[in-house]
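Here is a short briefing to read with the structure open beside you.

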Amino acid sequence: MDISCKKILKENKNYYQSFYQYNPDAILSFDLSGIILNGNESVENLTGYSIRELRGSRLNSLVIEEIDSNLLYYLFIKAEEGLIENTEVAIRNKSGERIELAVEMAPLFVNDDVIGIYGILKG
(Lines give C-alpha, C1' and ligand atoms only; values in the text may rest on other atoms or scores of the structure.)
Protein backbone atom coordinates (compact mmCIF):
# COMPACT_ATOMS: atom_id res chain seq x y z
CA MET A 1 0.00 0.00 0.00
CA ASP A 2 1.50 3.33 -0.98
CA ILE A 3 1.80 6.37 1.28
CA SER A 4 -1.06 8.33 -0.32
CA CYS A 5 -3.47 5.42 0.22
CA LYS A 6 -2.41 5.09 3.88
CA LYS A 7 -2.92 8.83 4.34
CA ILE A 8 -6.44 8.64 2.91
CA LEU A 9 -7.30 5.67 5.14
CA LYS A 10 -6.01 7.49 8.21
CA GLU A 11 -7.98 10.63 7.34
CA ASN A 12 -11.15 8.58 6.82
CA LYS A 13 -10.65 6.81 10.14
CA ASN A 14 -10.12 10.12 11.95
CA TYR A 15 -13.18 11.62 10.24
CA TYR A 16 -15.50 8.82 11.36
CA GLN A 17 -14.04 8.66 14.86
CA SER A 18 -14.58 12.40 15.25
CA PHE A 19 -18.15 12.15 13.92
CA TYR A 20 -18.90 9.35 16.40
CA GLN A 21 -17.13 10.82 19.39
CA TYR A 22 -18.38 14.40 19.11
CA ASN A 23 -21.89 13.72 17.88
CA PRO A 24 -24.47 15.47 20.09
CA ASP A 25 -26.75 12.43 19.78
CA ALA A 26 -26.07 9.41 21.96
CA ILE A 27 -24.67 6.62 19.78
CA LEU A 28 -24.20 3.01 20.88
CA SER A 29 -22.73 0.14 18.92
CA PHE A 30 -23.92 -3.43 19.49
CA ASP A 31 -22.86 -6.87 18.41
CA LEU A 32 -25.45 -9.01 16.66
CA SER A 33 -26.65 -10.50 19.93
CA GLY A 34 -27.54 -7.05 21.29
CA ILE A 35 -24.57 -6.60 23.63
CA ILE A 36 -23.33 -3.01 23.95
CA LEU A 37 -19.78 -2.75 22.62
CA ASN A 38 -19.14 0.97 22.71
CA GLY A 39 -20.70 4.40 22.77
CA ASN A 40 -19.96 8.08 22.73
CA GLU A 41 -19.88 10.64 25.52
CA SER A 42 -23.44 11.73 24.77
CA VAL A 43 -24.63 8.32 26.02
CA GLU A 44 -23.30 9.14 29.47
CA ASN A 45 -24.85 12.62 29.36
CA LEU A 46 -28.23 11.12 28.46
CA THR A 47 -28.31 8.05 30.73
CA GLY A 48 -25.90 8.86 33.53
CA TYR A 49 -24.10 5.55 32.89
CA SER A 50 -20.53 5.52 31.65
CA ILE A 51 -19.73 3.42 28.60
CA ARG A 52 -17.61 1.24 30.89
CA GLU A 53 -20.73 0.51 32.98
CA LEU A 54 -22.89 -0.22 29.93
CA ARG A 55 -20.36 -2.27 27.97
CA GLY A 56 -21.31 -5.94 27.99
CA SER A 57 -24.96 -5.28 28.89
CA ARG A 58 -28.06 -4.87 26.75
CA LEU A 59 -29.97 -1.65 26.21
CA ASN A 60 -33.22 -3.44 27.00
CA SER A 61 -31.90 -4.05 30.54
CA LEU A 62 -32.65 -0.36 31.16
CA VAL A 63 -36.17 -0.26 29.74
CA ILE A 64 -39.12 0.08 32.06
CA GLU A 65 -41.89 -1.70 30.16
CA GLU A 66 -41.72 -5.21 28.71
CA ILE A 67 -43.36 -3.94 25.54
CA ASP A 68 -40.42 -1.53 25.09
CA SER A 69 -38.02 -4.43 25.44
CA ASN A 70 -39.97 -6.26 22.73
CA LEU A 71 -39.84 -3.17 20.49
CA LEU A 72 -36.05 -3.01 20.84
CA TYR A 73 -35.83 -6.68 19.93
CA TYR A 74 -37.91 -5.99 16.82
CA LEU A 75 -35.58 -3.12 15.86
CA PHE A 76 -32.58 -5.43 16.19
CA ILE A 77 -34.15 -8.06 13.96
CA LYS A 78 -34.94 -5.45 11.32
CA ALA A 79 -31.41 -3.99 11.52
CA GLU A 80 -29.94 -7.49 11.08
CA GLU A 81 -32.03 -7.69 7.90
CA GLY A 82 -30.41 -4.44 6.71
CA LEU A 83 -33.28 -2.10 7.56
CA ILE A 84 -33.37 1.07 9.63
CA GLU A 85 -36.24 1.31 12.11
CA ASN A 86 -37.12 3.59 14.99
CA THR A 87 -39.39 3.68 18.00
CA GLU A 88 -39.84 5.35 21.35
CA VAL A 89 -39.06 3.63 24.65
CA ALA A 90 -38.80 4.61 28.30
CA ILE A 91 -35.69 3.77 30.31
CA ARG A 92 -34.45 4.43 33.82
CA ASN A 93 -31.31 6.52 33.99
CA LYS A 94 -28.62 5.89 36.60
CA SER A 95 -30.47 8.13 39.08
CA GLY A 96 -33.63 6.05 38.65
CA GLU A 97 -35.51 8.72 36.73
CA ARG A 98 -37.69 7.83 33.79
CA ILE A 99 -36.43 9.07 30.42
CA GLU A 100 -38.40 8.88 27.18
CA LEU A 101 -36.10 8.10 24.25
CA ALA A 102 -36.45 8.08 20.51
CA VAL A 103 -34.33 5.13 19.37
CA GLU A 104 -33.19 4.44 15.82
CA MET A 105 -31.39 1.19 15.05
CA ALA A 106 -29.43 0.63 11.88
CA PRO A 107 -27.17 -2.06 10.49
CA LEU A 108 -23.40 -1.72 10.42
CA PHE A 109 -22.18 -3.13 7.11
CA VAL A 110 -18.75 -4.37 6.05
CA ASN A 111 -18.51 -5.79 2.53
CA ASP A 112 -22.31 -6.11 2.23
CA ASP A 113 -22.51 -8.14 5.45
CA VAL A 114 -24.20 -6.88 8.62
CA ILE A 115 -21.51 -7.18 11.29
CA GLY A 116 -23.21 -5.18 14.03
CA ILE A 117 -25.89 -2.68 14.89
CA TYR A 118 -25.70 0.91 15.96
CA GLY A 119 -28.32 2.86 17.79
CA ILE A 120 -28.94 6.57 17.97
CA LEU A 121 -30.74 7.67 21.13
CA LYS A 122 -32.43 11.03 21.59
CA GLY A 123 -33.98 12.21 24.82
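In this predicted model, the largest nonpolar core is made up of 25 residues. Those with the most contacts inside this core are L28, F30, L59, L101, V103, M105 and L121. At least two core residues come from each of these elements: strand 1 (26-30), helix 2 (41-47), helix 3 (51-54), helix 4 (66-80), strand 3 (85-92), strand 4 (98-110) and strand 5 (113-122). In soluble globular proteins, nonpolar side chains tend to be buried together.

**A closer look at the core**
- Setting aside neighbours within four places in sequence, V103 has contacts with L72, L75, E85, N86, T87, V89, I120 and L121.

**Overall layout**
- The chain contains four helices and five strands.
- Read from the N terminus, the order of elements is α-β-β-α-α-α-β-β-β.
- A box of roughly 55 × 30 × 20 Å, taken along the principal axes, is filled by the C-alpha atoms.
- Of contacts between residues at least 6 apart in sequence, 37% join residues at least 24 apart.

**Surface and charge**
- The chain has 123 residues, and 37% of them count as buried.
- Its accessible surface is about 7900 Å², with 51% of that belonging to carbon and sulfur atoms.

**The hairpin of strands 1 and 2**
- Strand 1 and strand 2 (residues 36-39) pair in the antiparallel sense, with three bridges.
- Five residues sit between the two strands of this hairpin.
- In the turn, G34 has a positive phi of about 90°.

- Is F109 buried, partly exposed or exposed? Its relative accessibility is 44%, so F109 counts as partly exposed, given that buried means under 20% and exposed over 50%.
- Not counting residues up to four places away in sequence, F109 touches G82 and V114.
- F109 and L54 are 55 residues apart along the chain, and their C-alpha atoms are separated by 23 Å.

Technical notes: Residues numbered from 1 in each chain as written. Predicted model: local features only at pLDDT ≥ 70, side-chain atom pairs only at ≥ 80, totals over all residues. Heavy atoms only, no water. Buried < 20%, exposed > 50% of the residue type's maximum accessible area, 1.4 Å probe, protein only. Contact = heavy atoms within 4.5 Å. Areas by Shrake-Rupley, 256 points an atom, 1.4 Å probe, with all protein chains shown as cover. Core = buried A, V, L, I, M, F, W, Y, C linked by side-chain atoms within 4.5 Å. Pairing = 2+ DSSP bridges.
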